[in-house]
There are 2 protein chains.
Amino acid sequence: MGNRVNITSEFWARYRNLVRTEMIPFQWNVLNDIAGIKIEKERLNDEGIPNEKSHAIENFKIAAGRTKGTHYGWTFQDSDVYKWLEAVAYSLREKMDPELEKKSLEVIDLIADAQEEDGYLDTFYSILGIDYRYQSLAGSHELYCMGHFIEAAVAYYDATGNEKVLNVAKKAADNIYDNFGPEEGKIHGFDGHEEIEIGLLRLYHVTKEARYLDLAKYFLMERGKNPNFFREQAAKYEGPNALGGIEKMPDTYFQNHKPILEQETAEGHAVRVVYMCTALADLAATTGDKEIFEACKRLWEDITKRRMYVTGGIGSTVNGESFTLDYDLPNDTMYCETCAAIGLIFFAKQMLRIEPKAEYALVMERALYNCALAGMALDGKHFFYVNPLEVNPLKSLRDPGKSHVKPVRPSWLGCACCPPNLARMITSLDDYVYTIFQDTVLINQYIDSDAKLALTDGKVEIVQRTNFPWDEQVAFEIKNNSKSQAKIGIRLPGWSAEVEISINGAPVELVSEKGYHYITVDAGASVEAKLTFSMPILRNYCNPLVSEDIGKVAISRGPFVYCLEGVDNGTELNCLRLPDDSELNYEYDSSLLSGMGVISGKGYRLQASESKDSLYTNSKPVEKEAKLKFIPYFAWANRGENEMEVWVRE
Amino acid sequence: MGNRVNITSEFWARYRNLVRTEMIPFQWNVLNDIAGIKIEKERLNDEGIPNEKSHAIENFKIAAGRTKGTHYGWTFQDSDVYKWLEAVAYSLREKMDPELEKKSLEVIDLIADAQEEDGYLDTFYSILGIDYRYQSLAGSHELYCMGHFIEAAVAYYDATGNEKVLNVAKKAADNIYDNFGPEEGKIHGFDGHEEIEIGLLRLYHVTKEARYLDLAKYFLMERGKNPNFFREQAAKYEGPNALGGIEKMPDTYFQNHKPILEQETAEGHAVRVVYMCTALADLAATTGDKEIFEACKRLWEDITKRRMYVTGGIGSTVNGESFTLDYDLPNDTMYCETCAAIGLIFFAKQMLRIEPKAEYALVMERALYNCALAGMALDGKHFFYVNPLEVNPLKSLRDPGKSHVKPVRPSWLGCACCPPNLARMITSLDDYVYTIFQDTVLINQYIDSDAKLALTDGKVEIVQRTNFPWDEQVAFEIKNNSKSQAKIGIRLPGWSAEVEISINGAPVELVSEKGYHYITVDAGASVEAKLTFSMPILRNYCNPLVSEDIGKVAISRGPFVYCLEGVDNGTELNCLRLPDDSELNYEYDSSLLSGMGVISGKGYRLQASESKDSLYTNSKPVEKEAKLKFIPYFAWANRGENEMEVWVRE
């Protein structure tokens, strides 16, 4: 409640319409197994991946007793429905749609029917053996799924006021509270995949009921105290196979190697790490706990200063979809899951609640406009799971170590976490534009929009007018309807050296406080502010400790990282070179890929040895001049299967 | 029989002594589980790898009924004993050792006792269920093991005249002949791992019995005709688990995707490919079949011109220890198994029998002096399986995709194929120096030695005096004791542009026929020939189609590829650069690593970003001058755990 941000940005409206008109209906059909598409496996030749159908809605119908049958799909299949519901909630908040509302109310009824009497909610165990619930938490994803449901329920309640869905969520959370905690007789454990912690904190924010905050804190602080927890459960478990064997993964995979407050580096499954960090930072912001904030900062620094790709992607290896070690950022074998980039955005959002520092908003922008957005095709119906920085389709096909790196976006994947995650991210983008403290608003993202924001003493209205991410200025109209003076922090773009702000037409001297320039607006007053910045084409260099990027350059302009694609530059992109004195030119091409900024310049192409039959020679290969054409990274792979490269030899 | 080459080379004598005094006794202890060493797994965290002990001799004792117990180890554990026996045979041929002979005769008795009445020989099935033999050939390795035994038996017979071991081999081969072939009632199939074909051809060469030649040809020509063969067997199989599940590997893994004569590219498990090619080339040389030779040539070209590392290593991925695709040669995730380099040497040796072309001898030299030799530590007691071209120990430890790339040589591995393969290669090196046609001798390798070689009309003696691989000349004394004129082809080193030959002191005009300069020596005559060549430090460039090596250079001198090692050059070797105008100097350092050529020159080191806390910047990293020191690749990892790099930025 309270804050309302209406996004009018042309760039984002296109995406948000796509989600509403294409993605949400499409996902509905997938969840109901009527989409008529081929679901792809995440990795070739992996027999363990269930991909014949989604069956997600059918699982709920069976659990609700409406139809007969058995469970099909991953143990976390329920969460697909919840993430769909959450996206629907944001979509209804943006624009009411009676038909969609009807569908979602039916789904809520179905979920309520599938819920056990005591509040437990999970179709896998309801169908396959309720007696075994909570006993195989390494892979069961029960709390993970309920966490997603709680997020969806809070979002739906927030958008529509629907009490029923919130009550189902509270009942589920209460069941968890009854079963987990430090007290004797309760389970001293947690889920293999963090998410319930986020859900419980959101439920706390809306209900203010302390037990949800306590339970979230319990899960976070218990983690890592007993690294054997999952193995101990598995040794005793006799129930249905809930990703059995996953408990043999290293403790780091689950962030269960040591207590979170002692973790110095981001280890294990990248999505889990950033979900954990999101909850941890929310807890720090909510409680003001300094020690927890310090732990968040340590992990933030490790991720963003030593383990993050220039696209905002994270997760250096497909093995365990994990972090590896500092400065290890291979470009063609990494994971960089769309969900992980989204999770990093969640984390950044919570960090901004604790500390008003533009760095968080900048990383958010980097992940949003690059890795996360690349997760979806421009048609809104094809999705990347893995977001490489370098792709050769032949290698993806023939090298099993790269079979997870797909050169074109599939329609849907057996493990369908990313597409609905993107849907909820894009539909809730309004929540990422501003951060609100008692009397202060941080303007984090430049997005054309109209906002009404609730400060302690009343509302502030902010209108942003801008053609960002393409153009170089933002006009703000700020109206303080509250009873106190309001402070407005305008983020200064980190990628621009030439920034100006004028207030009511008069230039002001810039003062950067952690990357924000603050202006004050008296109670009842209005202000017109204008932010102008250059958006130069930048050459980005990586720390030489990252061996893969040595001697290479990545091109960016504004929030976008650019890449070379085969369709524009021919095959064997590695043979191309962009010399450091080559002039680069920017142009907006309205006919390309529904409107796209393009950067071009003179480069060189190495000539393959004269005869393809010689592998090693003692003469240096020669180069010929070649024109290089870069497009924004997020827009790659929308013109068929081809090579792609972000880091180019210089 | 016939040919005897006595190797006196200081360089090789050191290795051959190591094998005789260290490796053979050490392996004997391992095979008998009394070595007191820790056997390492090939990959971390792979539970399927049996590595508690070898148990290989014990398996034979159980199969022979001498002790009670059950089989332990891989299905191919027997071959460890056979490869040990083969190395012993060559070692006895070089230098009789009564104690070692006694041990080996006992082993032969043990093997004979373990052999079934009908000739079948395999401890796995003899112990676990003889009724299931030959029914799970995808992973059973029965024919593979018998192939290794036959090789050992022929070598032992050749060295000592022992008839018993040859008879055990013939009996085994006859059992295979009775069970496999095109006739009705026989199995229309072959082993998952090629090797029996090599053994049968060697048995044919010594016995001249046509059925062994026919059976080898049958196995080779049957392969690929029914890609479902292994899966059909597996569907029916009810016996003990013989690597069950391996039949699900792609058909290419087994070179079973299409008939061999139609295979255009080298596909699948690299060791299998080169073993297959070795037999195929032997068959072509033995029968003169042109179509088979063309198939050999196609595969040779694909391997050596498009899929071979500069070290002579092959196998671009750990997944299936396989080839991937043309020009895909990653330096830090490849397999480059020691056995595969040895197999490539076998293949080259057979190709030389068909076509007198120096290219084969050059590839043999490349693989021998680099990838194969790197498989063994200078102490003769530690071994690499995987021979990377770039290693960072931290990445091996923390990135599961590199856990197979070990930064130091383990004592022994669970799957112990490589060390005994190296032992037999080094002890039989005499067989690789020359190729003999009817009246022609090709001098392929420059190795200080005395040889008596049997031509059609009598013997030719060749003495080589050289300090190669370090020095730049070879003196030959050639004495033709045969009744006809002999042609001697002296290989011209492909890595030298300045080559001279003098005959009896007088320089001659060089005429290269496929890389050999031929001289004729009349019956009864003697000739003194001297080959002089420069051995410049070469900068090797890779075809730019190999993306990993673009902008990089590999240094070589003579047969040796050189590398940078951490102990000489500090950490973060990727930060080093060798500019193309930097002068390089060669020096032999007799105190380094028991005598080693060293190359040094001026280079530069990129400075890590000032603060380790910044990952991306817009200013180009700066360099500082640094001295680079290269050592031969084969000698790396003999001074503790550290980084290593072959391809250096230029």
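At 26% relative accessibility, A:Asp326 counts as partly exposed.

This is a predicted model, in which local features need pLDDT of at least 70 and side-chain atom pairs count only at pLDDT 80 or more, while totals for chains, interfaces and linings use all residues. Residues are numbered from 1 along each chain as its sequence is written, chains are lettered from A in the order in which they are written, and side-chain values use heavy atoms, with hydrogens and water left out.

**Salt bridges within chain A**

- Over all chains, the structure holds 100 salt bridges.
- A:Glu94 forms a salt bridge with A:Arg16, the closest N and O atoms being 3.6 Å apart.
- A:Glu94 lies in helix 3 (residues 78-94) and A:Arg16 in helix 1 (residues 10-31) of chain A, so this pair ties together parts that are 78 residues apart in sequence; helices (H or I, at least four residues) and strands (E, at least two) are DSSP runs, numbered from the N terminus.
- A:Arg16 is buried, with a relative accessible area of 1%, whereas A:Glu94 is partly exposed at 27%.
- A:Arg93 and A:Asp158 also form a salt bridge, at 3.6 Å between the closest N and O atoms, and these residues count as buried at 16% and 17% respectively.

**Where chain B meets chain A**

- In this interface, 59 residues of chain B are in contact (heavy atoms within 4.5 Å) with 59 residues of chain A.
- The two chains bury about 4,900 Å² between them, 56% of it on carbon and sulfur atoms; buried area is the accessible area (1.4 Å probe) that two parts lose on being put together, summed over both.
- B:Tyr541, B:Leu615 and B:Tyr616 supply 16% of the area that chain B buries against chain A, more than any other three residues.
- Between chain B and chain A the count is 10 salt bridges, and one of them joins the side chains of A:Lys620 and B:Glu650 at 2.8 Å, N to O.

**Strands across the interface**

- Strand 19 (residues 616-617) of chain A pairs with strand 13 of chain B in the antiparallel sense over 2 bridges, and two strands pair if DSSP finds at least two bridges between them.
- The bridge partner of A:Tyr616 in strand 13 of chain B is B:Cys542.

Conventions:
A salt bridge is a side-chain nitrogen of Lys or Arg within 4 Å of a carboxyl oxygen of Asp or Glu. Buried means under 20% relative accessible area, exposed over 50%, partly exposed in between (1.4 Å probe, protein chains only).
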